[in-house]
Protein chains: 2
Amino acid sequence: MITSTNNFSLAPELLADTIPLKSIGGNTLSLCYLGLMNNQHFPWLIMVPQQANLREIIDLSKADQHKLMDEISLVSTQMQTIFAPYKLNVAALGNIVAQLHIHIIARNENDAVWPNPVWGHAPTKPYDEEEKLKIINRLK
Amino acid sequence: MITSTNNFSLAPELLADTIPLKSIGGNTLSLCYLGLMNNQHFPWLIMVPQQANLREIIDLSKADQHKLMDEISLVSTQMQTIFAPYKLNVAALGNIVAQLHIHIIARNENDAVWPNPVWGHAPTKPYDEEEKLKIINRLK
């Protein structure tokens with residue numbers, strides 16, 4: 001699968017680790033690629049602004065920074081509506097995969113690594129086909 | 001010290017862990033409190049929108065979400081200019097301290113916990129008076 005807009009291509013690690021979502025709560029994004037991390041432990045989405053050579057949020061134009069915030073807000077609201085988490089974690093780190101990407105993770109006090117952050121702590125448990133279909137249906 | 005705007009008060013943990021900064025690179029923020037984490041291991045700033053009862057970015061109005069993005073961008077640009085890090089980490093987690101706060105951390109490939117995230121991994125090393133003055137001078 002190739003996801004491309006004006007020389008943008010998704011980093012291979014993000015391509016391998018995520019299941020692409022066409023919409024969330026009936027909304028489509030225009031700036032960002034949206035993917036579900038293939039890890040049953042957490043409802044965990046990845047947003048990737050579809051422009052080439054981005055490493056930091058500040059590499060986006062000011063208008064696109066606002067658009068990114070609008071899309072983070074939309075995705076966060078949907079995650080809150082669908083999963084009613086105790087807390088959302090919203091983060092752009094990029095220590096391992098430098099391509100700019102934003103994590104939106106629904107966290108709960110009884111989840112696998114609470115209250116630690118998921119990165120560097122989280123066990124990985126890929127979705128089986130049934131669970132994958134179930135969460136994609138809840139999200140779309 | 002009391003930091004307050006319309007019933008806002010800084011969470012006790014954030015008050016205890018940060019050194020307030022009046023400006024960064026000659027700029028003052030209007031939405032957010034800005035503090036330096038008292039940890040020599042990383043240039044690590046904390047931004048706290050000064051409104052009562054915020055837990056999530058989406059608790060802000062849309063206009064204030066854009067203002068938050070503008071201030072994140074300003075602080076990120078200054079951190080990049082001053083410290084030239086390999087990567088910025090920008091994150092709103094709140095698993096431990098639920099009051100909405102944004103971390104802006106300058107990360108380098110030779111820092112104490114690279115490539116792990118700082119939370120849950122980072123050793124704490126408070127600034128001594130000399131180092132504190134030095135970094136505050138670089139930041140202001």
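How many residues of strand S2 (residues 32-37) of chain B are buried? I get 6 of the 6, so S2(B) is largely enclosed by the rest of the structure. For my own bookkeeping, buried means under 20% relative accessible area, exposed means over 50%, and partly exposed is in between, with a 1.4 Å probe and protein chains only. Helices (H or I, at least four residues) and strands (E, at least two) are DSSP runs, numbered from the N terminus.

Ground rules, before I forget. This is a predicted model, where local features need pLDDT of at least 70 and side-chain atom pairs count only at pLDDT 80 or more, while totals for chains, interfaces and linings use all residues. Residues are numbered from 1 along each chain as its sequence is written, chains are lettered from A and ligands numbered from 1 in the order in which they are written, and side-chain values use heavy atoms, with hydrogens and water left out.

**Entry: the strands of chain B**

I checked which way the side chains of S2(B) go. Cys32(B), Leu34(B) and Leu36(B) point one way, Tyr33(B), Gly35(B) and Met37(B) the other, and all are buried.

Next I looked up the partners of S2(B), with strands counted as paired if DSSP finds at least two bridges between them. Strand S1 (residues 18-20) of chain B pairs with S2(B) in the antiparallel sense over 3 bridges, and there Thr18(B) stands opposite Met37(B). Strand S3 (residues 44-49) of chain B also runs antiparallel to S2(B), joined by 5 bridges. Leu34(B) has Met47(B) as its bridge partner in S3(B). S2(B) and S3(B) make a hairpin with 6 residues between them.

**Entry: cores**

I count as a nonpolar core a set of buried Ala, Val, Leu, Ile, Met, Phe, Trp, Tyr and Cys residues joined through side-chain atoms within 4.5 Å. The largest one has 62 residues, and Leu139(A) and Leu139(B) touch the most other members. Contact means heavy atoms within 4.5 Å. Leaving aside neighbours within four places in sequence, I find Leu139(A) in contact with residues including Leu21(A), Leu36(A), Met79(A) and Phe83(A).

**Entry: rings**

I found 5 aromatic pairs over all chains. The rule is that rings of Phe, Tyr and Trp (its six-membered ring) pair if their centres lie within 6.5 Å, with planes under 30 degrees apart stacked, over 60 edge-to-face and the rest tilted. Tyr86(A) and Trp114(A) have ring centres 5.5 Å apart and planes at 85 degrees, so they are edge-to-face. They sit 28 residues apart in the chain. Tyr86(A) is partly exposed at 33%, whereas Trp114(A) is buried at 18%.

Then Trp119(A) and Trp119(B): centres 6.2 Å apart, planes at 45 degrees, so tilted. Each is in the loop between S5 and H3 of its own chain, so this pair joins two chains. Trp119(A) is buried at 11% and Trp119(B) at 10%.

For charges over rings, I need NZ of Lys or CZ of Arg within 6 Å of the ring centre and within 35 degrees of the ring normal. Arg55(A) has its charged end over the ring of Tyr86(B), 4.8 Å from the centre. Arg55(B) lies over the face of Tyr86(A), at 4.8 Å from the ring centre.
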